[in-house]
Amino acid sequence: MRMAIVVPCYRHAGSLPDLLPVLERYGLPVIIADDGNEEPVAEALARDCPGTRAQVIRLEQNSGKGAAVHAGFLRARELGCTHALQIDADGQQDPGAVPRMLELARSHPGDLIAGSPVYRNVPPGRFLARYITHFWVALELGRCSLVDSMCGIRVYPLDPACRILERRPVGRHMGFDTEIMIRMYWAGCGIVQCPVAVSYPAGGISNFRMFRDNLELSWCHARLCTEKILHYPAVRGRRYL
């Protein structure tokens, strides 16, 4: 097993000088996917985080988290990696959870290791919205247990993740985290949850766009439910890639 860390970044370069020194302690390649930031992340890091060993790949246009993560996965595969720990750049997830998640990935190499948030603070509206999403995810997974599909820290086995991203029209924006999890489960990957402390920093920048992203999430669940009905035998047998 060879692991890399992938950090998609759009409008959160200011959080990287705090995050990167923690991630680099684990001795893994760190790949930052610059999702078309106005100021290139490489320039911001050269100024604000001198000495970082992280490599930056740049998407010239803002293309969404899904596209940035996919680009990071492809670079990780070029480096010979089999797995990627993906963590958001916004500083919400505690990077102290990384060792435990890596340990779980080594014990469950074919599974998706998903962060399960333990909130230190959370806006009430977001908390409620997540539980609405939990309902749809339970329906799509066919599992009654609570599975959080939106926490921004995970360990992906790269082969199934990249095959799905190449073959299926996975949403590129706020629906990405949920859809890739559902599709990986349908393809036969297990989901192993790991508690992760989550907080919303005061004055933090949100990339959530009320109309666009709610519309995308609704379309995401509509597509997934329709596919589950149309391809139920394969989905039921978890052979649907």
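Let's start with a pair of neighbours: strand 1 and strand 2 (residues 30-35) run parallel and are joined by five bridges. Here, two strands pair if DSSP finds at least two bridges between them. Keep in mind that this is a predicted model, where local features need pLDDT of at least 70, side-chain atom pairs count only at pLDDT 80 or more, and totals for chains, interfaces and linings use all residues. Residues are numbered from 1 along each chain as its sequence is written, and side-chain values use heavy atoms, with hydrogens and water left out.

**The sheet**

- Strands of a sheet pair through backbone hydrogen bonds, either parallel or antiparallel.
- In this model, seven strands make an open sheet with mixed pairing, in the order 3-2-1-4-6-5-7.
- At the edges sit strand 3 (55-59) and strand 7 (191-198), each pairing on one side only.
- From one strand to the next, the twist averages 25°.
- Strands (E, at least two residues) and helices (H or I, at least four) are DSSP runs, numbered from the N terminus.

**Helices on the sheet**

- Helix 4 (residues 98-107) lies across strand 1, strand 4 (83-87), strand 5 (112-119), strand 6 (153-157) and strand 7, and runs at about 175° to strand 7.
- Helix 6 (residues 158-167) packs on the sheet too, touching strand 4 and strand 6, and its direction makes about 90° with that of strand 6.
- For these angles, axes are lines fitted to C-alpha atoms, for helices over the stretch in contact, and the values run from 0 to 180 degrees between N-to-C directions.
- The buried residues of helix 6 are L158, P160, A161, C162, I164 and L165; buried means under 20% relative accessible area, exposed over 50%, and partly exposed in between (1.4 Å probe, protein chains only).
- Those buried residues pack against helix 3 (65-78), strand 4, strand 6 and helix 7 (176-186), where contact means heavy atoms within 4.5 Å.

**Spaces in the protein**

- A search of the whole structure turns up one cavity of 30 Å³ or more.
- On a 1 Å grid over the protein atoms alone, a cavity is a set of points where a 1.4 Å probe fits but cannot get out, while a pocket is an open set with protein on both sides within 12 Å along at least five of seven lines; lining residues have an atom within 4 Å of a point.
- The largest cavity, about 30 Å³ in volume, is lined by I164, R168, R183, W186, Y240 and L241.
- I164 also belongs to the buried residues of helix 6.
- The second largest pocket holds about 180 Å³ of space.
- Of its 15 lining residues, Q92, P201, G204, I205 and S206 are the closest to the centre.

**Residues worth a look**

- Most residues other than glycine have a negative phi.
- R11 isn't a glycine, yet has a positive phi of about 65°; R11 sits in the loop between strand 1 (3-9) and helix 1 (16-24) and is partly exposed, at 34% relative accessible area.
- R238 isn't a glycine either, and has a positive phi of about 55°; R238 comes in the segment after helix 9 (232-236) and is partly exposed at 27% relative accessibility.
- W219 belongs to helix 8 (residues 210-230) and is exposed, with a relative accessible area of 55%.
- Though W219 and G171 are 48 residues apart along the chain, their C-alpha atoms are separated by 9.3 Å.

Terms used:
Points joined across faces, edges and corners; volume = space filled by probe spheres on them.
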